[in-house]
Amino acid sequence: MKIITFGDLHGSTRWKDIDPLSYDRIIFLGDYLNSFTLTDDEIIRNFTEVIAFKHDHSDRVQLLLGNHELSMTFKLHLNRTLSTAL
């Protein structure tokens, strides 16, 4: 089984360089967001393309959450919890 992994994309499009049919499994390890060099629009566009790639190759592609997504989710939850408590 031929597997490739991508971690810490932070908006990078390097994953687009592969031929998805050359791999049995393509695993994204998270950290799709947050970049010091790319605009928010570029990051969101790339993340949207990653999701579309997953949709187009759902039998091969796995998307995992990274620490950046988890910390953002926690912060959003914490902010909502605090704002409703006040």
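Okay, let's start in the middle of the protein: the largest nonpolar core has 14 residues, and the ones touching the most other members are Phe-6, Leu-9, Trp-15, Ile-26 and Phe-28. By nonpolar core I mean a set of buried Ala, Val, Leu, Ile, Met, Phe, Trp, Tyr and Cys residues joined through side-chain atoms within 4.5 Å. Buried is under 20% relative accessible area, exposed is over 50%, and partly exposed is in between, with a 1.4 Å probe and protein chains only. The elements that give two or more residues to this core are β1, β2 and α1, and α1 gives the most, with three.

Quick housekeeping before I go on. This is a predicted model, so local features need pLDDT of at least 70 and side-chain atom pairs count only at pLDDT 80 or more, while totals for chains, interfaces and linings use all residues. Residues are numbered from 1 along each chain as its sequence is written, and side-chain values use heavy atoms, with hydrogens and water left out.

So, the layout. The protein chain has two helices and three strands, and along the sequence they come as β-β-α-β-α. Helices (H or I, at least four residues) and strands (E, at least two) are DSSP runs, numbered from the N terminus. Of the chain's 86 residues, 28% count as buried. If you look at contacts, meaning heavy atoms within 4.5 Å, and keep those with a separation of 6 or more, 54% are between residues 24 or more positions apart.

The three strands form an open sheet, ordered β1-β2-β3, with parallel pairing. Two strands pair here if DSSP finds at least two bridges between them. β1 and β3 (61–63) are the edge strands, each pairing on one side only. On average, neighbouring strands are turned by 15° against each other, direction ignored. For that, axes are lines fitted to C-alpha atoms, for helices over the stretch in contact, and angles run from 0 to 180 degrees between N-to-C directions. Between β2 and β3 there are three bridges, and the two run parallel; Ile-27, for one, has Gln-62 in β3 as its bridge partner. Then α1 packs on the sheet, where it touches β2 and β3, and its direction makes about 140° with that of β3.

Now the aromatics. How many aromatic pairs does the structure hold? Six. The criterion: rings of Phe, Tyr and Trp (its six-membered ring) pair if their centres lie within 6.5 Å, and planes under 30 degrees apart are stacked, over 60 edge-to-face, and the rest tilted. Take Trp-15 and Phe-53: the ring centres are 5.1 Å apart and the planes sit at 55°, so that's a tilted pair. Trp-15 is in the loop between β1 (3–6) and β2 (25–28), and Phe-53 is in helix α1 (residues 40–56), so the pair ties together parts that are 38 residues apart in sequence. Both of these residues, Trp-15 and Phe-53, are buried.

Another one is Tyr-32 with Phe-47, centres 5.0 Å apart and planes at 40°, so also tilted. This pair links distant parts of the chain too, 15 residues apart, with Tyr-32 in the loop between β2 and α1 and Phe-47 in helix α1. Buried or exposed? Tyr-32 has 3% relative accessibility, so it counts as buried, while Phe-47, at 27%, counts as partly exposed.

What does Trp-15 contact, leaving aside neighbours within four places in sequence? Phe-6, Leu-9, Phe-28, Asn-46, Glu-49, Val-50 and Phe-53.

There's a charge over a ring as well: Lys-2 lies over the face of Tyr-23, 5.0 Å from the ring centre. The test is NZ of Lys or CZ of Arg within 6 Å of the ring centre and within 35 degrees of the ring normal.

Last stop, the loops. Gly-7 is in the one between β1 and β2, and at 23% relative accessibility it counts as partly exposed. Its C-alpha is 5.9 Å from that of Phe-28, 21 residues apart along the chain. His-10, also in the loop between β1 and β2, has phi near 45°, a positive value in a residue other than glycine. Asn-34 has a positive phi too, near 65°, and lies in the loop between β2 and α1.
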